[in-house]
Amino acid sequence: MLDKNPSPLQSLVAGHWFKLICGASYQDLPTIRNLALAYTIAGADCIDVAADRAVILAAKEGIETAEKIAGFSPNRRPWLMVSLNDGEDPHFRKAVFNPQLCPVDCPRPCEKICPAYAIDGGGVIEQRCYGCGRCLPVCPPQIIETRSRVCQPAEIIPLIIEMGVDAIEIHTQVGHGEEFARLWQAIAPLTKNLKILAISCQDHEYIIDYLHYLRETISPLSCPLIWQTDGRPMSGDIGKGTTHPAINMAKKVLSSNLAGFVQLAGGTNDHTVTKLQQLGLRKKIAGIAYGSYARSLILPILEHLDQLNLENDPQAYQEALKAASMVVAQLKA
């Protein structure tokens, strides 16, 4: 089936590019491996992961296993993307708290609300937390905090070269002009070997002026460019309405005539394609990235695996593939 599908670049040009976001700070290796497997077979064009050696290896294993199972050609392989940031960003943080400070009678709403199953009696399971922040406001004694990290080019660049990463995504925001320029100066030489560069921003009063500044900063660029309109980060599994900020921002970027592809993210879910069609924007958008929504369909299946590897549990494998294919098909149809 997948051999008949276009390459990732062809999907981007045709307007049905599908990206799976595993999470810029998500490090649950078995889950990443199995998510990459399911969504590769389902037809994903790109898989976005943390800039971490073990995470990259886990995603590669999932992709390569999918290739063996489905038997499709290497040119159909999804591009592997790593995310970087130029400063403080919610995608690059972890929740932390001391479980010994929890009241004995606490109803632990943090456990119930966590979409990544990252909180238990021992506190936060660091590898599973991807920084959504939903646990912060519901904690009765308000003891949950976050710890953020900013990528260090000296550490990341050798990793990208060694691991043969296909693409880079830079998370930035209005007001980070100098920080972005410093990061870009360090990674610019890598772009000649990349298949795509993505720049992810959230909406702001001066977002278009900032994007024009970024475009000037990275010019000339030796690979294609994606503008990722990150509407409401890490919220796609909450409800249909979360997709609207990403679409509203995309409308701004489309009207600005900035060179590059426009791709939605942040709050995308099963309502996104329908809403784009209703607004007459479907053919103007190059693609959609799905994060928490796409993961939420598979995580409950993976939580109850009889085997470590998804393909070794026939029933779970079929359930996961069906769920992943449903999401991809909305965009590919």
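Is arginine 108 buried or exposed?

Mentor: Arginine 108 is buried, because its relative accessible area is 18% and buried means under 20%, with exposed over 50% and partly exposed in between (1.4 Å probe, protein chains only). The model is a predicted one, in which local features need pLDDT of at least 70 and side-chain atom pairs count only at pLDDT 80 or more, while totals for chains, interfaces and linings use all residues. Residues are numbered from 1 along each chain as its sequence is written, and side-chain values use heavy atoms, with hydrogens and water left out.

Arginine 108 sits in the loop between strand 4 and helix 4 (109–113). Helices (H or I, at least four residues) and strands (E, at least two) are DSSP runs, numbered from the N terminus. The phi angle of arginine 108 is near 50°, a positive value in a residue other than glycine. Asparagine 257 also has a positive phi, near 60°, and is likewise a residue other than glycine. Its place is the loop between helix 9 (244–255) and strand 11 (261–265). Asparagine 257 counts as exposed, because its relative accessibility is 69%. Another backbone detail is the cis peptide bond from serine 219 to proline 220, with omega near -5°. Proline 220 belongs to the loop between helix 8 (207–218) and strand 10.

Strand 4 supplies the largest share, four residues. The lining includes Arg93, Lys94, Ala95 and Val96, together with Phe92, Glu126, Arg147 and Arg149, among others. By class, four lining residues are nonpolar, three are polar and five are charged. In this sorting, Ala, Val, Leu, Ile, Met, Phe, Trp, Tyr, Cys and Pro are nonpolar, Asp, Glu, Lys and Arg charged, and the others, Gly among them, polar. The largest pocket holds about 180 Å³ of space, where a volume is the space filled by probe spheres set on grid points joined across faces, edges and corners.

On a 1 Å grid over the protein atoms alone, a cavity is a set of points where a 1.4 Å probe fits but cannot get out, a pocket is an open set with protein on both sides within 12 Å along at least five of seven lines, and lining residues have an atom within 4 Å of a point. There are five cavities of 30 Å³ or more. The largest cavity has about 190 Å³ of space and 24 lining residues, with Ile21, His91, Met234, Gly266 and Gly291 nearest its centre. Strand 8 (167–171), strand 10 (225–230) and helix 11 (292–303) each give at least two residues to that lining, and helix 11 gives the most, three. The lining of the largest cavity is made of eight nonpolar, twelve polar and four charged residues. The second largest cavity has a volume of about 110 Å³. It is lined by 16 residues, and Cys114, Cys129, Cys132, Gly133 and Cys135 are the closest to its centre. Eleven of the lining residues are nonpolar, three polar and two charged.

Histidine 16 counts as buried because its relative accessibility is 17%, and its loop runs between helix 1 (8–14) and strand 1 (17–21). Apart from neighbours within four places in sequence, histidine 16 is in contact (heavy atoms within 4.5 Å) with residues including Pro6, Asp45, Arg282 and Leu331. Isoleucine 56, in helix 3 (residues 53–70), has a relative accessible area of 0% and is therefore buried. With residues up to four places away in sequence not counted, isoleucine 56 touches Val49, Ala50, Leu80, Val82, Leu159, Met163 and Val165.

Of the 333 residues, 55% are buried. Among contacts with a separation of 6 or more, 79% join residues 24 or more positions apart. Along the principal axes, the C-alpha atoms fill a box of roughly 60 × 45 × 45 Å.
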